[in-house]
Amino acid sequence: MAKKSLIIKAARDPKYSTRKYNRCQLCGRPKGYLRKFKMCRLCFRKYASEGLLPGVTKSSW
């Protein structure tokens with residue numbers, strides 16, 4: 001779990017646009033971020049397996 005202070009800090013507009021970085025909207029994790037879903041890989045896997053993400057299916061071959 002990310003620190004609340006770092007989540008709040010990331011939500012503010014940075015002084016320079018290159019300092020902006022993405023965080024998961026659910027847990028605040030900065031790494032493993034999926035832009036299309038705006039969440040980290042861990043939350044993505046959890047929500048996808050529960051069927052809460054429309055259009056996402058588990059692959060099998």
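Colleague: Which cysteine sulfur is closest to the sulfur of Cys-27, and how far away is it?
Modeller: In this predicted model, a disulfide would need the two sulfur atoms within 2.5 Å. The closest cysteine sulfur to that of Cys-27 is too far for a bond. It belongs to Cys-40, at 3.6 Å.

Colleague: How far is the sulfur of Cys-24 from the closest cysteine sulfur?
Modeller: The closest cysteine sulfur to that of Cys-24 is in Cys-27. The pair is too far apart for a bond, because the cut-off is 2.5 Å and the separation is 3.7 Å.

Colleague: Is Cys-27 buried or exposed?
Modeller: Buried means under 20% relative accessible area. Cys-27 has a value of 19%, and Cys-24 has 4%. Cys-27 therefore counts as buried.

Colleague: Which residues make up the largest nonpolar core?
Modeller: This core has six residues in all. Leu-53, one of them, touches Phe-37, Met-39, Phe-44, Tyr-47 and Ala-48, leaving aside residues up to four places away in sequence. The members of the core are Cys-24, Cys-27, Met-39, Cys-40, Cys-43 and Leu-53.

Colleague: Is Lys-58 buried or exposed?
Modeller: Lys-58 lies in the segment after helix H2 (41-50). Its C-alpha atom is 9.7 Å from that of Arg-45, 13 residues apart along the chain. Exposed means over 50% relative accessible area, and Lys-58, at 82%, counts as exposed.

Terms used:
Residues are numbered from 1 along each chain as its sequence is written. This is a predicted model: local features need pLDDT of at least 70, side-chain atom pairs count only at pLDDT 80 or more; totals for chains, interfaces and linings use all residues. Side-chain values use heavy atoms; hydrogens and water are left out. A nonpolar core is a set of buried Ala, Val, Leu, Ile, Met, Phe, Trp, Tyr and Cys residues joined through side-chain atoms within 4.5 Å. Buried means under 20% relative accessible area, exposed over 50%, partly exposed in between (1.4 Å probe, protein chains only). Contact means heavy atoms within 4.5 Å. Helices (H or I, at least four residues) and strands (E, at least two) are DSSP runs, numbered from the N terminus.
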